[in-house]
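Subject: Structure handover and notes

Hello,

Here is the structure you will be working with. My notes follow below it.

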Amino acid sequence: MSFSKQAYIETFGCQMNERDTEIMAQLLSQADYNITGDIDQADVVVVNTCSIRGKAEQKAMSLLGRLRLIKKKNPRLIVAVTGCVAQQEGSKIQARMGHVDLVVGPQSIYRLPELIKKVEQDGIKATAIEQAASFSIPSLLPDLAGTALPHKRFVTIMQGCNNFCTYCVVPHTRGREVSRSPEDIIDEIKHLVTHGVREITLLGQNVNSYGLDRQDGDYPDFPGLLRLVAAIPGVIRLRFTTSNPKDLSEDLMKCFAELDNLCPHFHLPVQSGADAVLKKMNRKYSIEQYLEKVEGLRKYSPDIAITTDIIVGFPGETDEEFAATMLLLEKVRYHSAYSFKYSDRPNTVSAGFENKVAEDVKAARLSRLQTRQQEITNEHYLAYVGQVVDIMVEGESRTGDGQWSGRTGTNHIVNFAGHVDIKPGQILRVKIDEACLHSLRGSLI
Ligand code: SAH
Ligand code: SF4
Ligand code: F3S
């Protein structure tokens, strides 16, 4: 029997938070904690929060509410809040919730073991939300020993965001853009591929401005970094997320024609189809410019799948402006779109805007948009029927009936009947037989 203590981590939000959770799990393991999936067995519970929309914040808050009860039964339980709500609210969280011991912002997660120790030994609670101007992302090679090796991993190339879209909390919670050194990024990826990882996704809120925060220009720009990473032997598939359209350069478009392992998928959040709304959002591009970028991408990579994010019901959004967004769906024909009702967020400029759109109007717009986008997505699916495509195996499908699933380079899920020798990360060739509602069905050839 092992005497190590148990830590439970719950993660909300984006891939940045998922990556931060991996780092915290690694740090806690090194500090002799076993990572458990059972919250009731835990000595430490970390709630890694997201603040992007009101709903995300409420989810984290309701877990914290439950933890108050769990802590009544187990008073020695240590509760830590990390992530974007931690950064945003700071010590207000402890003032409201006496059972929270630690509030730790995204830049301070590396201090988590030390802070937990202080709570254990001396009962010292803490709030660590400093945001240094010159913060550098510590190098921490993922520790894969003893764990089942995942076939795909995220690699952080930069943190923060300088764009200040008027609706968005990220620049407030994640601070300014800081790029990680190319050497660190490449070392990490080499380490991953020698441990069997086959797909790499480069991660940042705004990857197109990679390197631009370096005053002496000693880092490559983003296309330069992509070329370096693509050349690492063993990187079978390469992806990245996310990009602001305003910084999408022709050189980046060229990479899709040039680099065989760069997957033909581009997530290009548009947010609205109306110039006046984009202006109020501070997105710094017009729809005309956006469409030029889409065309450019398709010139270099004719089959590229373009996906997007859309906000409906931004303050002041009129019926005509919403209609412009609906029209954009027809013009671009996205492979898929993540769409959200606008939500007022703390410290954002748009929270102070007048003419907020009524909740029922937002709901009706969202539903119209999602219905139409679903049809377009299905039209894309139908176009795959009869085609032969290479997929990377994700794993056995949950149904457990010999069905496997994989992803196309364009990031669509393909389910197929497999056999016992298949392994996640393998590239297989399948013929697409059928388009389903949220996936494709194919057979091995
Ligand atoms: N860095 C990424 C976006 C990260 S947030 C980018 O710029 O593309 C993910 C998505 O959440 C955004 O693209 C936007 O569509 C949505 N979002 C952000 N703030 C929001 C808010 N206040 N209300 C509703 N949706 C929001
Ligand atoms: Fe938020 Fe805009 Fe930065 Fe994306 S680019 S993280 S939407 S501020
Ligand atoms: Fe959420 Fe913070 Fe990511 S607000 S979306 S966890 S950067």
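A residue is called buried when its relative accessible area is under 20%, with only the protein chains counted. C50 has a relative accessible area of 9%, so C50 is buried. By that cut-off C168 is buried too, because its relative accessible area is 14%. Please keep in mind that this is a predicted model. The structure holds 0 disulfides.

Ligand 1

The shell around ligand 1 comprises 15 residues, and the closest are R53, Q205, Q271, D309 and S343. Sorted by class, that shell has 6 nonpolar, 4 polar and 5 charged residues.

On the side-chain side, an N or O atom of Q271 is 2.7 Å from an oxygen atom of ligand 1. A polar side-chain atom of D309 also lies 2.7 Å from an oxygen atom of ligand 1. On the backbone side, a polar atom of Y167 is 3.0 Å from a nitrogen atom of ligand 1. How much of ligand 1 does the protein cover? On its own, ligand 1 has 540 Å² of accessible area, and the protein covers 90% of this. Two elements give two or more residues to the shell around ligand 1: strands β13 (305–312) and β14 (336–341).

Ligand 2 is surrounded by C161, N163, F164, C165, Y167, C168, V170, P171, Q205, N244 and R283. The class count for this shell is 7 nonpolar, 3 polar and 1 charged residues. The buried C168 is one of the residues around ligand 2.

Around ligand 3 are C14, N17, C50, S51, I52, C84, V169, V170, R174 and Q205. Here the classes come to 6 nonpolar, 3 polar and 1 charged residues. The buried C50 is among the residues of the ligand 3 shell.

Individual residues

G54 sits in helix α2, which covers residues 54–73. Its relative accessibility is 16%, so G54 counts as buried. Leaving out residues up to four places away in sequence, G54 touches S343 and R345. G54 and S343 are 289 residues apart along the chain, yet their C-alpha atoms are separated by 6.2 Å.

Q87 belongs to helix α3 (residues 83–89). Q87 is buried because its relative accessible area is 9%. Beyond residues up to four places away in sequence, Q87 touches G105, P106, I129, Q131, H172 and T173.

R239 is in strand β11, residues 237–241. Is this arginine, R239, buried or exposed? R239 has a relative accessible area of 9%, so R239 is buried. Apart from neighbours within four places in sequence, R239 is in contact with E199, I200, T201, L202, C263, H265, T408, G409 and N411. With T408 there is a polar contact: a polar atom of the R239 side chain lies 3.2 Å from the backbone oxygen of T408. R239 and L226, 13 residues apart in sequence, are 9.3 Å apart from C-alpha to C-alpha.

Regards

How values were computed
Residues numbered from 1 in each chain as written. Chains lettered and ligands numbered in written order. Predicted model: local features only at pLDDT ≥ 70, side-chain atom pairs only at ≥ 80, totals over all residues. Heavy atoms only, no water. Disulfide = S-S within 2.5 Å. Buried < 20%, exposed > 50% of the residue type's maximum accessible area, 1.4 Å probe, protein only. Near = heavy atom within 4 Å. Nonpolar A, V, L, I, M, F, W, Y, C, P; charged D, E, K, R; others polar. Polar contact = N/O pair within 3.5 Å; in protein donor to acceptor, adjacent residues only side chain to side chain. Areas by Shrake-Rupley, 256 points an atom, 1.4 Å probe, with all protein chains shown as cover. Helix = DSSP H or I, 4+ residues; strand = E, 2+ residues; numbered from the N terminus. Contact = heavy atoms within 4.5 Å.
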